[in-house]
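The following note is meant for a colleague who is meeting this structure for the first time. Please read the numbered points with the model open alongside.

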Amino acid sequence: MEYLELIENNTGDMVKALQGLLRHRSVASPEAGEMPFGRGVHEAFQYMLDLAVSDGFEVENIDNYGGHIQFGGYTFDEEGEIISESEEVVGVLVHLDVVPEGGGWDFPPYGAEISDGKIFGRGAMDNKGPAVASYFAMKVLKDAGFAPEKKVRLILGLDEETEWKGMERYLQKTKAPSLGFAPDAGFPVIHAEKGILVFELAKKMGKETAKGLELRSFRGGNAANMVADHARAVVMDKRAGAYEKIKAKAAEYREESKRRINVKGIGKSLEITAHGISSHGAAPENGLNAISVMMEFLGKVSFANDDVNEFVRFYNEHIGFETDGTRMGCGLSDEVSGKLVLNVGMIDMGSEAARLTLNIRYPVTQSDDAVFAGMAPAVNRYNLGIVRHKHHKPIYFPADAPLVSTLMDVYRRHTGDYESQAAVIGGGTYARAAGNMVAFGAVFPGDEDLAHKKNEYIEIDRMVLMAKIYADAIYELTKPE
């Protein structure tokens with residue numbers, strides 16, 4: 001097929017395009033006016049639209065909340081005039097925003113450096129690399145003269161890692177795709193995605209009733225859907241020798257747990273830092289939560305404020321390092337999608353209040369009501385409030401559904417992998433936003449999932465293979481009957 005050969009010829013341009021996109025720090029942030037998700041996201045969005053215009057695609061920008069790159073879906077007469085337009089749309093949903101970079105990188109997170117056949121940068125796999133591969137899949141089809149009967153749209157989301165407000169606005173103002181895929185998970189095909197909840201557990205702190213150790217602040221984590229790789233607490237105690245006792249406890253904790261926790265004086269206070277290992281919130285077992293490390297250590301000291309002690313006790317009794325919600329009372333599971341997944345993403349705690357941000361992925365046959373009902377005894381016992389932020393219902397397609405079967409066939413044709421089967425994930429993709437869509441790629445079986453981790457990269461050879469798979473998938477979903 002000519003368009004597959006064109007992908008090899010376009011490898012250099014594909015790499016260059018991805019490098020340009022990676023250099024934009026597109027972490028979504030509030031900003032009034034014409035850039036609703038901040039300057040970095042807006043510039044990444046404009047970069048893709050400009051690239052598409054230069055390559056002859058149709059583009060549409062929906063109020064800077066999102067947009068698409070499109071071709072095909074027209075019938076022409078002998079003079080080349082349009083005589084009809086298809087109502088059907090095959091969508092490829094990607095996102096250009098990224099999670100914060102975190103620390104510990106060996107390469108500049110926005111430098112797009114190439115080393116050992118890999119392009120390094122935040123978003124290289126989640127989701128800019130697959131977005132560029134999808135774009136070039138469309139480009140080679142167009143350049144090869146393929147005329148799809150349906151419209152093909154590369155839909156550019158801008159706040160997938162946060163609130164999905166952009167996709168909500170986009171779908172309010174444009175027709176949702178008839179079918180399609182989101183290249184934002186794993187191969188071969190994701191036929192089900194767990195439900196997602198993001199919420200806070202909040203508690204007001206009463207005043208200290210005695211003199212002693214005070215918690216001035218405790219903050220950790222970067223985002224709800226990331227395992228926190230750092231946490232920092234500042235405490236104060238005016239009693240003689242108090243800090244030496246805490247330092248001794250820290251040394252003992254390090255020795256026993258083999259976890260990283262450090263203590264040092266800052267003015268009249270004491271700073272405690274805990275270090276973890278970041279990973280995606282859908283697979284917290286692959287990381288080490290620094291908030292849990294800090295909470296375990298703080299449980300070994302006693303604060304003057306009983307409410308602080310109680311919140312620390314709640315955390316260690318009902319969450320700790322557990323990631324399936326059992327001790328919280330919401331350890332749900334089903335045959336299709338397995339166990340619930342619980343991740344602690346962020347904490348902001350001080351002398352007046354505590355706010356703990358949780359990210360839960362619940363089984364596809366369960367509901368958000370079942371999750372909150374399960375947590376109720378523990379939440380009520382400790383007099384905690386729940387502040388709900390986000391809920392995405394699960395999606396589920398039978399493994400033999402036509403869309404799933406078509407994409408499985410394409411994947412197998414290009415990889416020779418007939419053993420891997422359609423899978424279920426805890427991650428949430430834009431596939432659930434538009435209906436009749438599934439996640440398709442981009443992590444290959446056996447490859448490390450680098451989403452939300454330091455030193456994120458995409459292998460150039462893998463990106464080329466992705467583009468071939470996506471080009472063939474678009475062809476199969478839009479070719480003349």
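1. Alanine 112 lies in the loop between β5 and β6 (114-115). In this predicted model, the phi angle of alanine 112 is near 55°, a positive value in a residue other than glycine. Alanine 112 has a relative accessibility of 1% and therefore counts as buried, the cut-off being under 20%.

2. Is histidine 452 buried or exposed? With a relative accessibility of 2%, histidine 452 counts as buried.

3. The surroundings of histidine 452 may be described next. A polar atom of its side chain lies 3.1 Å from the backbone oxygen of asparagine 225. Apart from neighbours within four places in sequence, histidine 452 is in contact with Val99, Arg122, Asp126, Glu161, Asn225, Met226, Ser278, Ser279 and His280.

4. One joins phenylalanine 187 and proline 188, with omega about 5°; proline 188 has its place in the loop between β10 (185-186) and β11 (190-193). Another runs from glycine 441 to alanine 442, with omega near 15°, and alanine 442 lies in strand β25.

5. Helix α5 covers residues 165-173, and Gly166, Met167 and Tyr170 are buried in it. Viewed down the axis of α5, these buried residues fall within an arc of 95°, so they line one face of the helix. Against which elements do the buried residues of α5 pack? Their partners are the strands β2 (67-71), β5 (89-95) and β8 (151-157), together with helix α11 (431-434).

6. Arginine 169 pairs with aspartate 63, and their closest N and O atoms are 3.0 Å apart. Because arginine 169 lies in helix α5 and aspartate 63 in the loop between β1 (58-61) and β2, the pair ties together parts that are 106 residues apart in sequence. Arginine 169, at 24% relative accessibility, counts as partly exposed; aspartate 63, at 38%, also counts as partly exposed.

7. Strand β19 (residues 341-350) has 8 of its 10 residues buried, so the strand is largely enclosed by the rest of the structure. Strand β13 (residues 214-220) is joined to β19 by 4 bridges, and the two run antiparallel. Within this pairing, glycine 220 has isoleucine 347 of β19 as its bridge partner.

8. Strand β19 also pairs with strand β20 (residues 353-362), in the antiparallel sense and over 8 bridges. Here the bridge partner of valine 341 is arginine 361 in β20. How many residues lie between β19 and β20 in the hairpin that they form? There are 2 residues between these strands.

9. Threonine 273 is found in strand β16 (residues 269-275). Its relative accessibility is 18%, and threonine 273 therefore counts as buried. Setting aside residues up to four places away in sequence, threonine 273 touches Ala231, Arg232, Arg260, Ile261, Asn262 and Met294.

10. A search of the whole structure finds 28 salt bridges. Among them is the pair of lysine 264 and glutamate 271, whose closest N and O atoms are 3.9 Å apart. The two residues are classified as follows: lysine 264, at 47% relative accessibility, counts as partly exposed, whereas glutamate 271, at 12%, counts as buried.

11. The side chains of lysine 453 and glutamate 448 meet in a further salt bridge, with an N to O distance of 3.5 Å. Lysine 453 is buried, its relative accessible area being 15%.

Notes. Residues are numbered from 1 along each chain as its sequence is written. This is a predicted model: local features need pLDDT of at least 70, side-chain atom pairs count only at pLDDT 80 or more; totals for chains, interfaces and linings use all residues. Side-chain values use heavy atoms; hydrogens and water are left out. Buried means under 20% relative accessible area, exposed over 50%, partly exposed in between (1.4 Å probe, protein chains only). Contact means heavy atoms within 4.5 Å. A polar contact is a pair of N or O atoms within 3.5 Å; within protein, one must be able to donate a hydrogen and the other to accept it, and residues adjacent in sequence count only if both atoms are side-chain atoms. The arc is that of the directions from the helix axis to the C-beta atoms. Two strands pair if DSSP finds at least two bridges between them. A salt bridge is a side-chain nitrogen of Lys or Arg within 4 Å of a carboxyl oxygen of Asp or Glu.
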